[in-house]
Amino acid sequence: FGKEEDSRQNCLSLHPKPPRINVVRLLENKGKMLRFVGKLEHAVGFDVERVFTLTYFLDTDELAIFEPPVKNSGRTGGKFMERCKVRKPRSSDYYTEADLFLGARISVYSRRFVLVDADEYSIKYMEGNPGVYPMSDFESIHARISPDELAAIDQHLRSIDRSGSGQVSEQDFKHAVISNTQNLLDQEVHTLARRLAVADGKVDYESLLHGLNDSSAPQGPLSSRGAADDDGSNAGGSGSYGSAMQKLQAMLYRRGPSGLRGLQRALTHVSRGSGAVDRADLDTVLGFCGVALGDGDVSTIFNALDRGQGTIDNSQLVGSLRPPLSQTQEQAVMEVFDALEDPTFKTGAVDVRDVVSRYRPGRHPRVANGEISEGEALRELQDGLENVKQGAVMVTDLLEHYADLVAGYGLSDDGLISVLRATWGMGSRH
């Protein structure tokens, strides 16, 4: 009768006392439980179909196992193990909350369970306690993926993402990450998928790729200044607004044209339609994009752009970070837009489908040099025009797209003009 702790007290004293209880933990976690879905490891026959609910009680560190009954299965189901503390195999230690996560193996009296899922409360609890659950710490997982693994994940996901939307299903994302990494646990892959999740069960994998691709991305025109600023000497300090913006600009465009676009996409996602973010949201966005800007510099930028309501406008921040084209470059892009626009009806807008259909990615100089594929060149244009309103490309949309290309690739006037000539099949007066 009783529990193991009660029996142990009889061995310690002739007049046994009740086992000591951690009252603080009991009060702080009263009624809190972590619930997991478990399956038997190495199951055979009918055991393959068996599903269990493992409940861990945070107040007493006890574990209970229940098998939900299934009609016409031949099994009655019900209570599999009474609530109690469970020792680890060949150890005097008990299982604790840190031992329970997705993919964990739990041995309970010669039965070995694999935890395959958890309820929403358990997932959020683990994400809120990264010290106990490092496999739920996005930043830690983010830093452990090597450039080679990133390149393999990129190739795998882009082969699935035929439309070039930058989004895939959660199942495809997890499969790609598991297939191309060696040391990530199931819980860590699940954490990545949750952090990058967008609407309709999709995962925005480009945010992961852009956020990790720091060291190998093309260097933009600001990279020399950015390298001096990124050495960590001013990581915690604050400078002028111009200096802070220049650092952030260099960090973003160091990843190519997609750097600022990734920031813009993250701002839109975090602001949830309001078009503005507060300081905490800005920190989240920068972390989401993998930008390690000093806290002082972030404060300098935020205070300079603050609208007096504790928020900054997304479009103002992005517009301030996007460097303008030179007069020669701007005139060349304007010529392209004039050629795309219907000469009969000058409406100032071109249907985005017409723009994409007239684009010739196969003749892009970087495709000809073997630096990128034809599909990547096309996706580059589609990414640059993803925010056009009502499917109509305005001249400002095209100017912003090529401003990102010039800054991301460090193109000179002649370099941009050669790209325009090759991809749009037209001459230039320059």
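These questions and answers walk through a predicted model.

The model is predicted, so local features need pLDDT of at least 70 and side-chain atom pairs count only at pLDDT 80 or more, while totals for chains, interfaces and linings use all residues. Residues are numbered from 1 along each chain as its sequence is written, and side-chain values use heavy atoms, with hydrogens and water left out.

User: How many salt bridges does the count come to?

Analyst: A salt bridge here is a side-chain nitrogen of Lys or Arg within 4 Å of a carboxyl oxygen of Asp or Glu. By this rule the count comes to 26 salt bridges.

User: Which parts does the salt bridge of E62 with R83 tie together?

Analyst: The closest N and O atoms of E62 and R83 are 2.6 Å apart. E62 lies in strand β3 (residues 62–67) and R83 in strand β4 (residues 78–84). Helices (H or I, at least four residues) and strands (E, at least two) are DSSP runs, numbered from the N terminus. The two residues are 21 apart in sequence, so the pair ties together β3 and β4.

User: Is E62 buried or exposed?

Analyst: Buried means under 20% relative accessible area, exposed over 50%, and partly exposed in between (1.4 Å probe, protein chains only). The relative accessibility of E62 is 6%, so E62 counts as buried.

User: What does R83 count as, by its relative accessibility?

Analyst: R83 is the salt-bridge partner of E62. Its relative accessibility is 29%, so R83 counts as partly exposed.

User: Where do K174 and E170 lie?

Analyst: K174 and E170 form a salt bridge, with the closest N and O atoms 3.0 Å apart. K174 is partly exposed at 21% relative accessibility, and E170 is partly exposed at 31%. They are 4 residues apart, about one turn of the helix, and both lie in helix α6 (residues 170–180).

User: How many residues apart in sequence are the parts that E400 and R322 tie together?

Analyst: The side chains of E400 and R322 meet in a salt bridge (3.8 Å, N to O). E400 lies in helix α19, and R322 in the loop between α14 (314–321) and α15 (327–340), so the pair ties together parts that are 78 residues apart.

User: Which residues are linked with D154 in a network of salt bridges?

Analyst: The network is made of salt bridges that link D154 with other residues.

User: What are α18 and α19 to each other?

Analyst: Helix α18 (residues 374–384) and helix α19 (residues 395–409) have axes that come within 9 Å and cross at roughly 125°. Axes are lines fitted to C-alpha atoms, for helices over the stretch in contact, and angles run from 0 to 180 degrees between N-to-C directions. Angles under 35 degrees count as roughly parallel, over 145 as roughly antiparallel, 65 to 115 as roughly perpendicular and the rest as oblique. α18 and α19 are therefore oblique.

User: Where is Y109 found?

Analyst: Most residues other than glycine have a negative phi. Y109 is not a glycine, yet has a positive phi of about 50°. At 62% relative accessibility, Y109 is exposed. Y109 is found in the loop between β5 (105–108) and β6 (111–118).

User: What is the relative accessible area of S110?

Analyst: S110 is also placed in the loop between β5 and β6. S110 is not a glycine either, and has a positive phi of about 70°. S110 is exposed, with a relative accessible area of 81%.

User: How far apart in space are L115 and M334?

Analyst: L115 lies in strand β6. At 1% relative accessibility, L115 is buried. L115 and M334 are 219 residues apart in sequence, and C-alpha to C-alpha the separation in space is 58 Å.

User: How far apart in space are G275 and A349?

Analyst: G275 is found in the loop between α11 (258–271) and β9 (276–277). G275 is partly exposed, with a relative accessible area of 27%. G275 and A349 are 74 residues apart in sequence, and their C-alpha to C-alpha separation in space is 24 Å.
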